[in-house]
Amino acid sequence: MDFSTLYSFAADAILITHVLFVAFVVFGLILVYAGFFLKWQWVRNVWFRSVHLVAIGVVVLQSWFGFVCPLTTWEMGLRARAGQNVYDGSFMAHWLHQILYFQAPPWVFIACYTAFGGLVLLSWFLVRPNLASRN
């Protein structure tokens with residue numbers, strides 16, 4: 001196994017981690033609201049809810065300050081070392097374009113991240129976490 005294969009494998013591992021992170025943020029919110037209606041108590045777990053809120057909070061802050069996600073930066077660095085093509089901009093902008101042929105200026109993504117973060121924050125008030133589950 002040469003280094004380019006190792007770099008490619010590491011880049012793919014980071015890509016999978018990134019996809020799982022996005023899935024956690026998106027589906028986590030869907031599950032919180034579904035859990036409210038279906039009376040699932042686990043969606044009120046304070047640890048799950050705290051990690052979920054921090055995850056989207058990091059995304060929102062990155063977008064507000066114009067930072068590219070470190071996972072994107074690491075993946076692209078590894079792909080470049082592996083001799084593979086790299087993409088410009090953010091992970092979400094690239095993959096939305098690839099999957100949905102969606103192009104938008106950066107402010108659209110900032111607005112979407114902020115609105116989604118607002119929905120996650122709102123879920124703390126509509127579907128209150130069980131703070132007693134910390135113990």
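Which residues is Ser 63 in contact with, leaving aside its neighbours within four places in sequence? Ile 110 and Tyr 113 are the contacts of Ser 63, once those neighbours are set aside. Contact means heavy atoms within 4.5 Å. The model is predicted, so local features need pLDDT of at least 70 and side-chain atom pairs count only at pLDDT 80 or more, while totals for chains, interfaces and linings use all residues. Residues are numbered from 1 along each chain as its sequence is written, and side-chain values use heavy atoms, with hydrogens and water left out.

**View 1. The whole chain.**
The chain holds 5 helices and 0 strands. Its elements run α-α-α-α-α from the N terminus on. Helices and strands are DSSP runs numbered from the N terminus (helices H or I, at least four residues; strands E, at least two). Of the 135 residues, 30% count as buried. Buried means under 20% relative accessible area, exposed means over 50%, and partly exposed is in between (1.4 Å probe, protein chains only). Take the contacts with a separation of 6 or more: residues 24 or more positions apart account for 70% of them.

**View 2. Confidence along the chain.**
The chain has a mean pLDDT of 87, and 86% of its residues reach 70 or more. The score is the predictor's confidence in each residue, from 0 to 100. Which element has the lowest mean pLDDT, and which the highest? Helix 4 (residues 91–100) has the lowest, at 63, and helix 2 (residues 46–65) has the highest, at 96. Where pLDDT is low, the predicted coordinates should not be read in detail.

**View 3. Ser 63 in helix 2.**
Ser 63 is found in helix 2. Its relative accessible area is 9%, so Ser 63 is buried.

**View 4. Helix 1 against helix 2.**
Two packed helices are described by the angle between their axes and the distance between the axes. Helix 1 and helix 2 pack at about 125°, and their axes are 10 Å apart. Helix 1 is therefore oblique to helix 2. Axes are lines fitted to C-alpha atoms, for helices over the stretch in contact, and angles run from 0 to 180 degrees between N-to-C directions. Angles under 35 degrees count as roughly parallel, over 145 as roughly antiparallel, 65 to 115 as roughly perpendicular and the rest as oblique. The crossing of helix 1 and helix 2 is left-handed. A crossing has that hand if the near helix is turned anticlockwise from the far one by less than a right angle, and is right-handed if clockwise. Helix 1 brings Phe 21, Phe 24, Val 25, Gly 28, Leu 29 and Val 32 to its contact with helix 2. From helix 2 come Phe 48, Arg 49, Val 51, His 52, Ala 55, Ile 56 and Val 59. By class, the contact of helix 1 with helix 2 has 10 nonpolar, 2 polar and 1 charged residues. Here Ala, Val, Leu, Ile, Met, Phe, Trp, Tyr, Cys and Pro count as nonpolar, Asp, Glu, Lys and Arg as charged, and the others, Gly among them, as polar.

**View 5. Lys 39 in the loop.**
Lys 39 sits in the loop between helix 1 and helix 2. With a relative accessible area of 66%, Lys 39 is exposed. Its phi is near 60°, a positive value in a residue other than glycine. Most residues other than glycine have a negative phi.

**View 6. Helix 1 against helix 3.**
Helix 1 (residues 3–38) and helix 3 (residues 70–81) have axes that come within 8 Å and cross at roughly 160°. The two helices are therefore roughly antiparallel to each other. Their crossing is left-handed. Contact residues include Ala 10, Ala 11 and Ile 14 of helix 1, and Trp 74 and Leu 78 of helix 3. The contact of helix 1 with helix 3 divides into 8 nonpolar, 3 polar and 4 charged residues.

Tyr 7 lies in helix 1. At 22% relative accessibility, Tyr 7 counts as partly exposed. Tyr 7 and Leu 78 are 71 residues apart in sequence, yet 5.2 Å apart in space, C-alpha to C-alpha. Beyond four places in sequence, Met 76 touches Val 86 and Tyr 87.

**View 7. Helix 1 against helix 5.**
The axes of helix 1 and helix 5 (residues 106–126) come within 11 Å and cross at roughly 30°. Helix 1 and helix 5 are therefore roughly parallel to each other. Among the contact residues are Val 25 and Phe 36 of helix 1, and Phe 116 and Leu 126 of helix 5. The contact of helix 1 with helix 5 has 11 nonpolar, 1 polar and no charged residues.
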